[in-house]
Every structure is written in C-alpha cells, then in structure tokens.
Amino acid sequence: MKHILIAAALSLSASMGLAQDTRSFTDGAGNVVDIPLQAERIVSLRGEQFTAPLVELGAPIVGSTGNIIDGVNNGEPVIRGAYDLFHTRFTEGGITHVGTSTQPDFEAIASLNPDLILLPDYRAEQYDQLAEIAPTVIINIWSNSARERYRRIADAAGRLDRFEELQAVYDFRLNEGRALVEQMIGDPSKVSVAIAEVRDDRFRVYKVYGAMSNVLDELGFSKPELIENIDGERLDLSPEQVQLIDADFLVSSYAEHFRAPPAEISGYWDVFVPGWDQVLHAPKHNQHIFIAREPMRALSFQSMSEVLAIYLASIVTRDFVPFEG
C-alpha cells in the first residue's frame with residue numbers, strides 16, 4: 001500500500017510539475033534541485049525553524065511536523081513556534097500533521113502531493129526517500145545565522161519579496177533601538193549579557209539561542225568571555241563554574257507548555273546551583289530577565305521584534321547596577 005501511495009503521488013506530482021516553471025536551487029548539502037519558481041504545496045519538516053517563517057511569509061503550507069504536548073491544544077498536535085507565536089493550528093490552518101521532526105510520516109507526506117519539501121540538515125539521511133516524493137531542499141539550521149537561514153527558506157518558497165518587506169520593517173525598528181541604546185547607554189559592548197538556564201539537572205549557557213541571542217548581537221551587547229568563546233551554540237557547565245558567566249544581565253527562557261513557568265525555573269537554579277542568586281550579579285540586583293521560550297525560538301521577524309521590545313524595556317531604558325567584574 002505504501003509503495004502504491006507514493007507511486008500515485010509521484011505520478012500526480014510529475015503531472016503538476018509540467019504546468020510549473022522551475023529553477024535550479026543549490027541547497028545546504030550542495031544538492032542542485034529543480035524547484036518551482038513559486039511553490040504552491042509546501043511540506044515543512046521543522047516547526048519553529050521552517051513552518052513559523054513560512055506562516056509569516058504567507059506561503060502555502062500543506063503539511064508540517066508537529067508535537068503532542070500534554071495539556072496543550074486539547075491533546076491535539078501543535079506546530080512548535082508557529083502555534084505559540086501566530087496561534088497557527090493544523091485544523092484551522094488547513095495544514096496536515098505529517099509526524100514529528102524526528103519521525104516524519106512519509107505516506108502522509110506523499111498523499112499531500114507537495115511540490116516542495118523543506119528538510120533540516122540534521123535529518124539529511126531522509127533526503128533520498130523524500131526526494132522521490134517531491135523536490136526536497138535541505139536547509140542548514142545551526143551553521144547559518146538567523147537571517148541567512150530565513151532568507152534561504154524564503155528563497156526556496158519563492159517568497160523573497162515578502163521577506164525583504166518584513167526585513168525592512170524590522171530593520172527600521174532595530175535602527176530605532178540602536179539609536180536608543182546610544183542615547184541611554186552609549187557603547188553597548190560595555191554591557192554584558194549572559195544567556196543561561198538550569199533544567200533537567202543541567203546547567204547550560206548559550207551563545208546562540210533563537211531571537212534571544214540574535215537580537216542581543218544585533219544591538220551590540222557583549223557576552224562573558226566563556227560564552228563568547230563557545231565553539232558552537234551552547235555549553236553545559238558544572239555548578240562550580242557559575243561565576244564564569246557573571247554579567248550585568250542574565251537572560252533565561254521559560255515555557256508554560258512544559259510546566260516551566262518563571263518561578264519554577266528559579267527553583268531549578270536553587271536546587272542545582274545553590275546560592276546562585278547571591279553569587280551572580282544579575283539576580284542579586286533584579287537584573288534577571290525571563291523570556292517565553294517557544295515564541296522566541298520561532299524563526300520570524302515578529303519574534304525578533306518582540307524580543308527587541310523586551311530588551312529595550314528591560315535593559316536599555318531602565319536604571320541598573322553595573323557589574324564590576
């Protein structure tokens with residue numbers, strides 16, 4: 001049955017392809033793929049990284065991976081990031097659930113007759129099987145900056161014009177924010193911000209973490225040396241290393257969906273890093289900022305704009321006690 005389904009999808013996709021103008025696209029793995037000039041039936045295999053920006057771009061998504069999260073959306077699957085930021089749901093959005101990002105449902109994907117499939121680079125082993133269904137493009141996630149990753153997604157979907165419009169609006173807000181930083185602080189590199197959190201008995205610091213880190217970098221704030229020198233996105237530390245991340249401000253994420261509200265996050269710190277709020281400068285002076293995890297992980301200009309507003313209110317336009325480290 002599986003082979004019949006996929007064969008039928010291939011036949012229909014081929015007939016649809018005859019009516020579509022195509023172009024060559026080199027994806028993140030170096031594959032040269034013939035894709036539609038403007039895709040009409042996109043399947044996204046990563047919610048917060050692919051589906052969320054496609055929603056913001058107004059792209060035609062027919063299928064997406066999703067997750068079932070206890071106590072959320074009445075037990076129905078949700079598209080991480082897109083659900084939290086845009087309240088995009090499978091039923092109302094006309095999007096079909098095609099499994100999880102780790103276990104996509106190939107039969108469900110084939111039944112949708114997509115003309116473009118977006119695949120994260122860390123699942124490249126699925127490329128050949130998906131490419132039999134429809135043109136498949138691998139998008140590099142962690143090796144590209146947020147903007148470059150978003151641009152590549154928009155380009156593949158044939159939505160570069162909309163991307164440029166959204167980027168122009170965000171850049172206008174960002175430049176206003178930079179002017180405010182100059183007025184209120186002067187040199188932003190003199191203010192240090194650490195992104196760190198404790199959960200599941202793990203003390204982790206981040207060099208790259210969604211819009212939280214992207215906007216900090218674009219505003220020009222500095223990081224503690226240990227974080228700046230991370231080779232990659234993040235690093236797990238022992239509780240004894242906590243003073244190595246001391247900074248003017250500390251930023252952590254919380255996630256109500258995963259039973260992790262801000263008060264509970266602070267409790268994790270209390271258990272795993274006893275006395276952290278007296279050792280670290282930021283919590284000692286009420287300079288510990290909490291940001292909702294799922295919306296800020298959704299790759300989008302709306303996410304970056306919301307985090308920008310948080311930083312302008314919580315760092316730039318308030319009095320704070322400088323860290324004398």
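**The largest pocket and its surroundings**

Mentor: Helix 9 gives six residues to the lining of the largest pocket, the most of any element. Helices here are DSSP runs of H or I with at least four residues, strands are runs of E with at least two, and both are numbered from the N terminus. This is a predicted model, in which local features need pLDDT of at least 70 and side-chain atom pairs count only at pLDDT 80 or more, while totals for chains, interfaces and linings use all residues. Residues are numbered from 1 along each chain as its sequence is written, and side-chain values use heavy atoms, with hydrogens and water left out.

The volume of the largest pocket is about 650 Å³. Its lining has 33 residues, and W142, V208, Y209, G210 and E233 are the closest to its centre. Two or more lining residues come from each of helix 2 (47–57), helix 7 (146–157), strand 9 (202–206), helix 9 (210–219) and helix 14 (293–297). On a 1 Å grid over the protein atoms alone, a pocket is an open set of points with protein on both sides within 12 Å along at least five of seven lines; a cavity is a set where a 1.4 Å probe fits but cannot get out; lining residues have an atom within 4 Å of a point. Points are joined across faces, edges and corners, and a volume is the space filled by probe spheres set on them.

By class, the pocket lining has 18 charged, eight nonpolar and seven polar residues. Asp, Glu, Lys and Arg count as charged, Ala, Val, Leu, Ile, Met, Phe, Trp, Tyr, Cys and Pro as nonpolar, and the others, Gly among them, as polar. The largest pocket lies between domain 1 (20–158) and domain 2 (170–316), because both give residues to its lining. These bounds come from an automatic or database domain assignment.

The largest cavity holds about 80 Å³ of space. Of its 13 lining residues, G210, A211, M296, A298 and L299 are the closest to its centre. Helix 7, helix 9, helix 14 and helix 15 (301–316) each give two or more residues to this lining, and the largest share, three residues, is from helix 9. The cavity lining divides into six nonpolar, five polar and two charged residues. Both domain 1 and domain 2 give residues to the lining of the largest cavity, so this cavity also lies between them.
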